[in-house]
Amino acid sequence: MTTLRYAYYPGCSGLGTSKEYDMSTRAVCEALGMELIDITDWSCCGSSPAHTVDDRLAGALSARNLVQAGDIEGVDAIITPCPSCLANLKTARHRLQKPEFRAEVNKLLERPVHGDILPVKSVLQAIVEDVGMEELRYRVRTPLKGMSIAPYYGCIMNRPPKIMEFDSHENPMALDNILEALGATVAPFNLKVECCGASFGVARRDIVERLSGKLLNLAAENNAQAMVTACPLCQMNLDARQNQINVANSTNHVMPIFYFTQLIGLALGFSQSQMGLEKLVVSPRELLAGAAG
Amino acid sequence: MKIGVFICHCGSNIAGTVDVAKVAEMAKSLPEVAFASDTMYACSEPGQEGIIGAIKEMGLDGAVVASCTPRMHGPTFMRTVARAGLNPYMFEMANIREHVSWIGKDKEANTAKALDLVRMAVAKLARNKPLFAKSFAINKRVLVLGGGVAGIQAALDCADGGLEVVLVEKTTTIGGKMAKLDKTFPTVDCSCCILGPKMVDVAQHPNITLYASAEVDEVNGYVGNFQVKVRKKPTYVDWKLCTGCGACLEKCPSKKSPDLFNELVGTTTAINIPFPQAIPKKASIDAGSCIKFKTGKCGICAKVCPVKAINYEMEPEIVTEEVGAVIAATGYDLMDWTVYEQYGGGRYKDVITSLQYERLLSASGPTGGHIKRPSDGKEPKTVVFIQCVGSRDKSVGRPYCSGFCCMYTAKQAILTKDHIPDSESYVFYMDIRAPGKMYDEFTRRAMEEYGAKYVRGRVSMVYPSGGRYVVRGVDTLAGTQVEVEADLVVLAVGAEGATGAAHLAEKLRISYDAYGFYMESHPKLKPVETNTAGVYVAGCVQGPKDIPTSVAQGSAAAAKVLALFSKDQLQSDPQVSSVDLKRCVGCMKCAMTCPFGAIKEQEVRGEIKAQVIETMCQGCGLCTATCPQGAIQLQHFTDNQILAEVNALLASELEETQG
């Protein structure tokens, strides 16, 4: 089997709040024949504040990472697990095609951008497009039989469609297809691309409690036993704030919130600790024990 | 040669940005010009009389009018010149409005360009020759394409006017979209009850030949003499024998076939008659669903048919019809609403189109006129209508207003209340567009008497939750977000040109727009004509319109055909190609490039030569540009005439550079 090689951009959450996403991504990618080469000396993508302040500054932050990635030999793409990093890298790449923008950004950079820039994909897109569902299905050792899971994509994974260029922005199917390949039951869930409240958890917690509350309610209503995400922020809001959400909305959800890479890992035969499941706030132990039995 | 030049002010249209007096003055200095003047409105009665007067007084041999586009007034001035006793082709037009005054504000530059155009026109006119039209006979039969209400009206009017009509309908019955509607707005009368009798008239009219389940393969010829190949698709039932008794339908074991007439709400039998009022009321087999076609077993319909009409071996049949005019009335189709993924189009069973809802309302529909949710057959208590799905939405490439959706939504909201008195209807709308007679009153009645709740704003998404559907949108008047829990969601889907319309337009050699609608010859003054003589349009084929307008257009197109056929002979346009036999080497390259098949081989004293069939030539000039010998020339646009224009233009350029 040919090895797929990627420049890997873990992003800041990958080293902090969503360490288990990074862990599981690395393990799963290796198992699927995807070689990840960390971008040397990568810096913050600008996350959510930079682009609201100055698009050139935001462009420069991402451009620096794109240039660093260009040093890596023999890779066809940059991949990142985090949709926010993805959006920033993709947006910067898109805008840098314009000579005027590129010139402005290059003024800010020690190492300016020259020539072509590597394409940027999410880990999700790379698994769907480069590995493929057939291969994934073939590699499943312990199917997630009997588990009903709601696929939740978050609002920026596929938006804006002209820049993200992956899956439908209204009804994405990538996670649905992965769940199906892993042998899980896909719970009907139609708030796939709704906002979880994003970083409002800091400034206006009530907004997160309302928006994320809706997501949990609908998932529970449709008999989902867990939700699966591809975004550290979505995961944090639904998982770490689940108790706050319950208190605010007088609900009592106990809904484990997985990263999709954790579920792939489990199905491929990795152990729970290899997938960092103990790092989840809402424990999936009971659910997984039930599924195993 | 004595030429007169008339420069038109067109009010301030031209005179505002062109020094017309100066242009007239310059024209006088040209050697062939005997008379030149500027005139306020050349096309007005005094304007035309002025031209006639000058021609007669000065004994002019030809006239140049510098004014608007020849498309608008070319024929007008040709008639003027003819009234003055000259050959109408001893006339040239310089377009100094669309090509000059309307496109720039620099008076000096405009005047200079107007001078150039007039100089060119004079140079050409000096080389013009009188041309004479030939007469040819007309075949006074008319082909109507499409058996919807517009086509039916056109066919009946033509037939009542004494013409022989060939009506070609793609599906197995006429009636079109109107036959699928339950009621019509704003009168709320039964759609099929008012259309049905007209359909019967079509079937019984001695002058109408109806080909249902048929399509046009090929159109050849020209106004007055078209040859049309009609392909009759196999229905696997001999319609000459079938009595429409329905015995086959009852016994057909394949009961889950897609029911196209019912817009796929509900199913039908593989052999079926679309609906009780169908014309022709004949059965046909849907080969895609038929067990006999799929497995070779069954054949029950053939066994039960009392007149032995079933024929599984039936092949398509081509018939050639000769007609003098064509009316295209092939209607519209709904835009593909499944691109609205946020509404769950095509995914959620209870999110349906307006036309599907129409079938649920109809007594002849799959639910017998009871509104039932497709998912579980329950009666919905809250129905949400979402308007402008595929209308006025640039993001899905449909920027235009489909026009009738506001009205049919109001009608459906009213009917919903009639059917289910304890129901609630919500209508999410962008604007209410109800400009027809009694239309605004009708939408108000939906709100005021029937209590339909109108919310101004777009819906952002629809999602199922707990057996119902959450419809989330914005109320732009209240400035808030709204969520409505609905049992059924009806999408008011906009219209686009019918499937295959573009293909048909190419066969008819007429233009169509980016949305598949056919282009009328003039948006205001020639609404049912096309740019191909003898081809007319009626109904939604030209753009979305309601029933009254479609019917009016059907009648209008029929009137045009009757006017055309009121003469026994038509005059051919003499601006056609002609072959100089001495120069022609018989290479026949001209015939290969001619898109109209108007050039054929002939033998002249043992040599192959090209020959132009003048009645078929459309005067496009492709052959002229192709001929290596310069042997074929387009009359009125000969090489010499065009070169004279170019020389006239270059002469002025030359003067400028030297001066």
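In this predicted model, chain A and chain B bury about 930 Å² between them, and carbon and sulfur atoms give 43% of that area. Three residues, Glu170(A), Asn171(A) and Asn190(A), supply 49% of the area that chain A buries against chain B, which is more than any other three residues supply. In terms of contacts, nine residues of chain A meet eleven residues of chain B.

The polar side of this interface can be described in some detail. Two salt bridges are counted between chain A and chain B, and in a salt bridge between these chains the side chains of Glu194(A) and Arg472(B) meet at 2.2 Å, N to O. The rule for polar contacts finds eight residue pairs across the interface, with both residues of each pair at pLDDT 80 or more. On the side of chain A that touches chain B, the residues divide by class into four charged, three polar and two nonpolar.

Arg102(A) has its place in helix H6 of chain A, which spans residues 99-108. Although Arg102(A) is buried, this residue has no salt bridge, and the nearest side chain of opposite charge, that of Asp116(A), is 6.2 Å away; a salt bridge would require a nitrogen-to-oxygen distance within 4 Å. Apart from neighbours within four places in sequence, the residues in contact with Arg102(A) are Leu96(A), Val113(A), His114(A), Gly115(A) and Ile117(A).

| Residue | Place in chain B | Relative accessible area |

Not counting residues up to four places away in sequence, Ser289(B) touches Ser254(B), Ser257(B), Pro258(B), Ala270(B) and Lys294(B). Ser289(B) and Val427(B), by contrast, are separated by 138 residues in sequence and by 38 Å in space, taken from C-alpha to C-alpha.

How values were computed. Residues numbered from 1 in each chain as written. Chains lettered and ligands numbered in written order. Predicted model: local features only at pLDDT ≥ 70, side-chain atom pairs only at ≥ 80, totals over all residues. Heavy atoms only, no water. Contact = heavy atoms within 4.5 Å. Buried area = accessible area lost by both parts, 1.4 Å probe. Polar contact = N/O pair within 3.5 Å; in protein donor to acceptor, adjacent residues only side chain to side chain. Nonpolar A, V, L, I, M, F, W, Y, C, P; charged D, E, K, R; others polar. Helix = DSSP H or I, 4+ residues; strand = E, 2+ residues; numbered from the N terminus. Buried < 20%, exposed > 50% of the residue type's maximum accessible area, 1.4 Å probe, protein only. Lys, Arg positive; Asp, Glu negative; His and termini not counted.
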